[in-house]
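Work through the exercises below with the sequence and the model open. Each task is followed by a solution in steps.

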Amino acid sequence: MVESRGLALHSDGDRGDGSVKYVLTGEGAGTLFKIDEKSGDIHATKRLDREEKAYYILHAKAVNRFTNEALEGESEFIIKIHDINDNEPRFTKDPYMAGVPEMSDVGTSVIQVTATDADDATYGNSARVVYSILEGQPYFSVDAETGLIKTALPGMDREVKEHYQVVIQAKDMAGQMGGLSGTTTVSITLSDVNDNPPRFTKTLYEFRVAESNELGSAVGVIHAVDADIGQNAEMDYRIISSDGPGMFDITVNRSTQEGVILLRKPLDYEKKRQYSLRVQVENVHINPRFYSMGPFRDEASIKIVVEDVDEPPVFERPSYIMEVKEDTARNTVIGSVSASDPDDKHSLVRYTIDRRTDMDRVFNIHAGNGSVFIFRELDREENAWHNISVIATEFNNPRQTSRVPVYIRVLDVNDNAPTFATNYETFVCENAKANQRIQTVRAMDPDEPLGGHRFIFSLAPEAVGRANFSVRDNKDNTAWILTRRNSYSSLQKSIYHVPVVITDGEFPVQSSTNTLTIRVCTCDREGNMKLCNPEALTARAGLSTGALVAILLCVIILLMIVVLFAALRRQRKKEPLIISKEDVRDNVVSYNDEGGGEEDTQAFDISTLRNPEAMEESKQRRDIIPETFYPPVRRPVVLPASRENNGDVRDFINQRLQDNDNDPTAPPYDSLATYAYEGNGSVAESLSSLESVTTEGDQDYNYLSEWGPRFKKLADMYGGDDSDS
């Protein structure tokens, strides 16, 4: 049996001859613990820390050194580490943050601190911790057993001192000598309570305000101070008395805790020039615990002085309503407006109408007394209401103006005669019977009588004796058109015109004669129209014979214009005289005169188309008489600046001018002569074939292709072979 004696193992089979070998296995075997194979002594190779591992479980056995056979069964044993005081107490936080209300009673709990000791609490006093306060007295104390920090001084005022630093010590071994200790810092802040009332900085505030200030504008700002902070410093302001009730109000600016005085009613310097107010400030959140330190309110007086401002005129009313009959004569006064200067100087007022509200200038106003009168005739049916603006301006200060709306109602007058309500299309059948209704007519009147319309229908007096139709008034603003005989013939008369007189029942009485056109048509037995003669159809369509003739003439004129335009276009498309590229010439002279026909071979001098050196003697025309007795008129020649240095061109033009001046056979003076003369010194020389002594076939034009893109067209025309042309 393997036994452990202290830190050594021994087997009963060990005779001391060295044949027994001890083997150790388990936690820490070979690293923390080693065993002597011969003696069985166990040694620790490192320093052991109970706080890391309190015990180790090991297994040991004895085996034959030579055969390695176990002499006995394996034994288990536990090595326990005995604790010593090698760890100081440690606080769970460093630093601690805490707060307590100011003015707290003595013994009010602030915060509890906790320190732990890693030593074995079951073995001696190594882990027994005691708390004490090193700094922070006499304001705070700490419980030695629990670490609870409490207030130790009454009446601690945040406004005097707000932050405190308290140092707490934790010591093991129950605080005895030789014990280890640790410290921590506790930051304690006194939180605010409402223990201070608000106080005004002044007992009397004075403000000055212009009488023109707008409603809701700020008149002044008052401020009360409170030593508290946060919601404990929130204040409410109110007006407790005023000699101008409702004139002013006071609100609170929560960000600054200031009282803002606002204007609620218009000021008038001429009526009241000074106001006195009494205001009160009070804390919003009051703590009943501190009522004895109150009252938590304060009062102050406010004096508000009103300053005079030049004000615009003031109308007696905010608006005016006037009525006028539509037949009222021009320049008739229909009403008046009145405004006055509210200032002490009482400046005179001039009245005008804002023409943007009376674009048609229907009304006008007297500049001195404000009388509104009619400037143009009125028509209720066109405009029943007129809304204009009247402007009042001070004479002494034209910039001071005010305006007032004036609503003018135009009253109705019976000035319109009633007419048919619509354009009636009426027909009567040839087989109609007497007293048969063929149409119901109604009337309309733009007037609007108070009692409503009442129309009276009748046949015109001049048509009563020879009437083919009658009019029956139904007494309900309608009338029937009735036949007066049994049959009608469209061959005898296809259209009848019935004059109907419509009269209204108002004063003055208005009436009008309206003509009802009745066509005679062929109908079936049920009275449905089957056929009407062409004249009646034309009348129905609303086009007279004259209108149809006018339309037909317009169509004929349009056709003639189209034909003429087409003929002009065909004349413009005539082929030119020269259509072949072989007939192209350099110099072309165009004259706006008529030739002598095929036999006129001397009408034009071909020499004008040639080079100046090859020009022939001029020949006289045979179709006109030379007028040699007219002296030649010399005309100055003005050359462009770019041609002044080109001598041969100048000489060429002067020569042409002289020849035309001296030539009695020259064209008329309103003719235009053009010359395409390029001048001497050209690299390409002359391109004209008029003076060539050889035929075109003898010329070689292939060199034109070497002159660049500007001569490409000529190269294509003359540079090809004969087979290409």
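A residue is called buried under 20% relative accessible area, exposed over 50% and partly exposed in between, with a 1.4 Å probe and protein chains only as cover. The model is predicted, so local features need pLDDT of at least 70 and side-chain atom pairs pLDDT 80 or more, while totals for chains, interfaces and linings use all residues. Residues are numbered from 1 along each chain as its sequence is written, and side-chain values use heavy atoms, with hydrogens and water left out.

**Exercise 1. The chain as a whole**

Task: state how many helices and strands the protein chain has, and what share of its residues is buried.

Solution. Helices (H or I, at least four residues) and strands (E, at least two) are DSSP runs, numbered from the N terminus. By that rule the protein chain has 4 helices and 42 strands. Of its 725 residues, 33% are buried. Next, take contacts, meaning heavy atoms within 4.5 Å. Among contacts with a separation of 6 or more, 64% are between residues 24 or more positions apart.

**Exercise 2. Aromatic pairs**

Task: classify the ring pair Phe420 and Tyr424, then the pair Tyr488 and Tyr496.

Solution. Rings of Phe, Tyr and Trp (its six-membered ring) pair if their centres lie within 6.5 Å; planes under 30 degrees apart are stacked, over 60 edge-to-face, and the rest tilted. This rule gives 12 aromatic pairs. For Phe420 and Tyr424, the centres are 5.3 Å apart and the planes make an angle of 85°, an edge-to-face pair. Phe420 is buried at 11% relative accessible area, and Tyr424 is buried at 15%. For Tyr488 and Tyr496, the centre distance is 5.8 Å and the angle between planes is 75°, so this pair is edge-to-face. Tyr488 has a relative accessible area of 4% and is buried; Tyr496, at 7%, is buried. Ring pairs also join Phe200, Tyr205, Phe207 and Tyr237 into a cluster.

**Exercise 3. Charges over rings**

Task: find which ring lies under the charged end of Lys272, and which under that of Arg437.

Solution. A charge sits over a ring if NZ of Lys or CZ of Arg is within 6 Å of the ring centre and within 35 degrees of the ring normal. The charged end of Lys272 is over the ring of Tyr275, at 5.2 Å from the centre. For Arg437 the ring is that of Trp480, with 4.5 Å to the centre.

**Exercise 4. Backbone exceptions**

Task: locate the cis peptide bond from Gln137 to Pro138 and the one that joins Phe507 and Pro508, then the positive phi values of Gln257 and Asn477.

Solution. Start from the background: most residues other than glycine have a negative phi, and most peptide bonds are trans. The bond from Gln137 to Pro138 is cis, with omega near 10°. Pro138 is in the loop between strand S12 (130–135) and strand S13 (140–142). Between Phe507 and Pro508 the bond is cis, with omega about -5°, and Pro508 falls in the loop between strand S40 (495–504) and strand S41 (511–523).

Now phi. Gln257, not a glycine, has a positive phi of about 55°. Its loop runs between strand S21 (248–253) and strand S22 (258–263), and Gln257 is buried at 12% relative accessibility. Asn477 has a positive phi near 70°. Asn477 is in the loop between strand S38 (469–473) and strand S39 (478–483), and is partly exposed at 22%. Asp476 is in the loop between S38 and S39; at 49% relative accessibility, Asp476 is partly exposed.
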